[in-house]
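Please look over the protein shown below before reading the notes that follow.

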Amino acid sequence: MARRRGYALLSAITALIIGLSAAIYAGVSAGEAGAVASGRDGGGAGPGRGDRVAPASTGVWTGTWGASPVAGEPGTGTDGMAGRSVRNVVHTSVGGTSARVTLSNLYGTGPLTFTHATLALAADGDGAGAAAGTMRRVTFGGSTTVTLPAGAEVTSDPVRLLVPADSDVLVTTYSPTASGPVTSHPHARQTNYLADGEHTADLSGTAYVADRADRWRYLTALDVSGRAAEGTVVALGDSLTDGVTSTVDADRRWPDVLADRLREAVDAGSDVPLHGVVNEGISGNRVLTDGTGRPAENQSGLHRFQRDVLGRPGVRVVVIDLGINDILRDPKVADPERILGGLRTLVQRAHAHGIKVVGATLMPFEGHRGYDDAREGVRQEVNAAIRQGRVFDAVADFDAALRDPYDPRRFRPDYDSGDHLHPSDKGYRVMARTVRLDDLRTALPARL
């Protein structure tokens with residue numbers, strides 16, 4: 001009896017300290033979300049890079065949605081989202097009977113404390129509203145409060161909720177204290193919401209009028225557990241994968257359409273595997289070169305592969321569409337062999353973990369302001385090597401599928417968004433259809 005009273009007193013004191021000042025925490029208490037573990041390589045150098053708050057959860061998980069952390073959100077360098085509820089809207093690729101979320105403080109400069117977090121299905125026709133009976137509290141190591149050091153991320157405990165495939169899910173967080181820049185993913189093509197004050201458990205969206213933003217904040221993954229899905233496909237790419245010109249709030253990026261194709265094929269009796277599809281596209285992303293800052297913004301494909309591919313649960317296949325920004329953003333003429341070397345390194349890392357790699361050819365961009373004949377020559381050299389089977393296990397020939405047959409250096413007009421670099425919604429659908437579903441079977445070839 002005395003021992004139980006002692007534990008209760010200790011728990012009460014710990015809770016009081018957290019409530020008074022989250023800033024005194026350099027890590028996370030063992031009674032909340034476990035110890036901070038190092039060694040998860042986020043790529044590149046930087047304080048706190050790779051720190052991870054260990055989840056207290058077990059089971060077989062599949063990625064149903066994801067978004068790579070890109071940078072600190074402009075204008076949030078001091079207060080972050082202190083005193084506001086952040087409601088992210090995400091779209092599932094596969095369903096499950098339990099879910100969990102991953103939150104990131106990669107670009108924060110101080111400890112980030114969440115005191116409330118919830119997960120719910122979105123109500124039809126109400127962007128920030130939750131469906132009745134689906135609101136669930138999210139915990140971390142059994143506690144509703146968790147503190148992430150700068151550079152760290154945390155995965156929640158399992159949440160018991162029937163999550164359908166092809167549905168919108170609301171993930172809402174509240175932090176009462178300043179934490180520095182908000183880790184975010186811009187160009188979400190999805191409206192997300194803010195409310196002043198603590199409204200994480202609100203079913204109604206009426207409080208969420210403080211801001212509507214085309215970015216996801218803090219949230220980097222939604223995973224599900226259940227019997228339906230057999231694994232995860234990761235789409236690793238740039239803005240062409242991120243879907244920056246697709247219709248907002250319509251889920252028309254090519255990975256969304258690929259997920260639709262997989263579900264439809266399985267429903268029709270095909271023996272192709274049902275995989276969750278996780279979109280790890282970043283606008284402006286390159287194979288070889290990071291953005292600026294420390295930790296680096298917009299980490300290169302080489303530097304983020306561990307986090308965004310190997311760090312996702314149950315990955316069986318990765319589809320890589322990278323290289324066009326290495327060509328466009330090189331102040332000189334990019335070296336095709338360096339780009340191909342970087343792509344081959346990604347393939348080697350995937351193979352070391354039993355992951356199959358489908359690679360995309362680079363699509364045309366004549367008419368874009370960055371076009372010139374020298375850059376076009378580099379694109380052609382990279383594509384030739386890819387088509388010859390010298391890089392990937394299988395090829396999705398996006399270039400052949402979307403180019404104008406009468407002017408193959410350009411998009412076919414109805415596949416062009418108008419900027420001559422990014423596809424229209426119709427073009428994104430064609431990209432998704434170019435990925436052969438049989439190539440998503442997970443057996444690796446004997447050799448490249």
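Contact, in what follows, means heavy atoms within 4.5 Å. The protein shown is a predicted model, in which local features need pLDDT of at least 70 and side-chain atom pairs count only at pLDDT 80 or more, while totals for chains, interfaces and linings use all residues. Residues are numbered from 1 along each chain as its sequence is written, and side-chain values use heavy atoms, with hydrogens and water left out.

**Overall make-up**

- The protein has 9 helices and 25 strands, where helices (H or I, at least four residues) and strands (E, at least two) are DSSP runs numbered from the N terminus.
- Of its 448 residues, 57% count as buried, a term that stands for under 20% relative accessible area, with exposed meaning over 50% and partly exposed in between (1.4 Å probe, protein chains only).
- The accessible surface comes to about 17,500 Å², and 50% of that area belongs to carbon and sulfur atoms; such areas come from the Shrake-Rupley method with a 1.4 Å probe, and for residues only the protein chains shown count as cover.
- Among contacts between residues at least 6 apart in sequence, 79% join residues at least 24 apart.

**Nonpolar cores**

- A nonpolar core is a set of buried Ala, Val, Leu, Ile, Met, Phe, Trp, Tyr and Cys residues joined through side-chain atoms within 4.5 Å.
- The largest such core holds 63 residues, of which Trp254, Val309, Val318, Ile320 and Leu440 touch the most other members.
- Leaving aside residues up to four places away in sequence, Ile320 is in contact with Leu236, Leu343, Leu346, Val357, Val358, Gly359, Ala360 and Phe392.
- There is also a second, separate core of 35 residues, which includes Ala67, Ala99, Val154 and Val171.

**Ser98**

- Ser98 lies in strand β6 (residues 96–104) and counts as buried because its relative accessibility is 11%.
- Not counting residues up to four places away in sequence, Ser98 touches Trp61, Val159, Arg160, Leu161, Asp223, Val224 and Ser225.

**A three-stranded sheet**

- Strands β4, β14 and β17 form an open sheet in the order β4-β14-β17, with antiparallel pairing, where two strands pair if DSSP finds at least two bridges between them.
- Both β4 (71–72) and β17 (215–217) stand at the edges with a single partner strand each, so one side of each is left without a neighbour in the sheet.
- The antiparallel pairing of β4 with β14 (residues 183–186) runs over 2 bridges, and the bridge partner of Ala71 in β14 is Ser184.

**Backbone geometry in loops**

- Most residues other than glycine have a negative phi, and most peptide bonds are trans.
- His420 has a positive phi of about 70 degrees although it is not a glycine; His420 is found in the loop between β25 (407–411) and α9 (425–434) and, at 26% relative accessibility, counts as partly exposed.
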